[in-house]
Amino acid sequence: NRKAFRERYGLSIPIAGEFDGKLSNSGERVTLSTAAGATVMDFDYKDKWHKSTDGRGYSLELIHPTSSRIEGKKSWRPSEEIGGTPGQ
């Protein structure tokens, strides 16, 4: 929700797009792509990776955002703060 994001984090963080769905509790494939259709990220997400990210307000963050290895629990961690830390 672009409006809610702006209210919470301000105007200085660019927004690449919006997701208006929900991720499945059984896990699923997540693909992030550009408006032109080029794939940016493509990985399998599992709901049970980290308990704190399951409805408790913590987001999943890539441990090494510039790495090409984004598959699996070991590539992701819970955010340090509730609501995440976008742009940091």
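Colleague: Which backbone oxygen does the side chain of S79 reach?

Modeller: The side chain of S79 reaches the backbone oxygen of E81, at 2.8 Å. A polar contact is a pair of N or O atoms within 3.5 Å; within protein, one must be able to donate a hydrogen and the other to accept it, and residues adjacent in sequence count only if both atoms are side-chain atoms. This is a predicted model, in which local features need pLDDT of at least 70 and side-chain atom pairs count only at pLDDT 80 or more, while totals for chains, interfaces and linings use all residues. Residues are numbered from 1 along each chain as its sequence is written, and side-chain values use heavy atoms, with hydrogens and water left out.

Colleague: Why does S79 count as buried?

Modeller: Buried means under 20% relative accessible area, exposed over 50% and partly exposed in between, with a 1.4 Å probe and protein chains only. S79 has 5% relative accessibility, so it counts as buried. S79 is in the segment after β4; helices (H or I, at least four residues) and strands (E, at least two) are DSSP runs, numbered from the N terminus. Leaving aside residues up to four places away in sequence, S79 touches Y58, S59, E61 and G84, where contact means heavy atoms within 4.5 Å.

Colleague: Why is the pair of F43 and W76 called tilted?

Modeller: Rings of Phe, Tyr and Trp (its six-membered ring) pair if their centres lie within 6.5 Å; planes under 30 degrees apart count as stacked, over 60 as edge-to-face and the rest as tilted. The search of the whole structure finds four aromatic pairs. In the pair of F43 and W76 the centres are 4.9 Å apart and the planes stand at 35°, so the pair is tilted. F43 lies in strand β2 (residues 39-45) and W76 in strand β4 (residues 76-78), so the pair ties together parts that are 33 residues apart in sequence. Both F43 and W76 are buried.

Colleague: What makes the pair of Y45 and W49 edge-to-face?

Modeller: The angle between the planes of Y45 and W49 is 70°, with 5.9 Å centre to centre. Y45 and W49 are buried as well. F43, Y45, W49 and W76 form one aromatic cluster.

Colleague: Which residues make up the largest nonpolar core?

Modeller: A nonpolar core is a set of buried Ala, Val, Leu, Ile, Met, Phe, Trp, Tyr and Cys residues joined through side-chain atoms within 4.5 Å. The largest has eight residues: V30, M41, F43, Y45, W49, L62, I70 and W76. β2 gives the most to this core, with three residues.

Colleague: How do you know that β1 and β2 pair?

Modeller: Two strands pair if DSSP finds at least two bridges between them. Strand β1 (residues 28-33) and β2 have six bridges, in the antiparallel sense. S33 stands opposite T39 in β2. Five residues lie between the strands of this hairpin, where G37 takes a positive phi near 95°.

Colleague: Why is the chain called as compact as a globular protein of its length?

Modeller: The chain has one helix and four strands. Its radius of gyration is 13 Å, close to the 12 Å that the globule rule gives for 88 residues, so the chain is as compact as a globular protein of that length. The radius is taken over C-alpha atoms, and the rule is 2.2 Å times the number of residues to the power 0.38.
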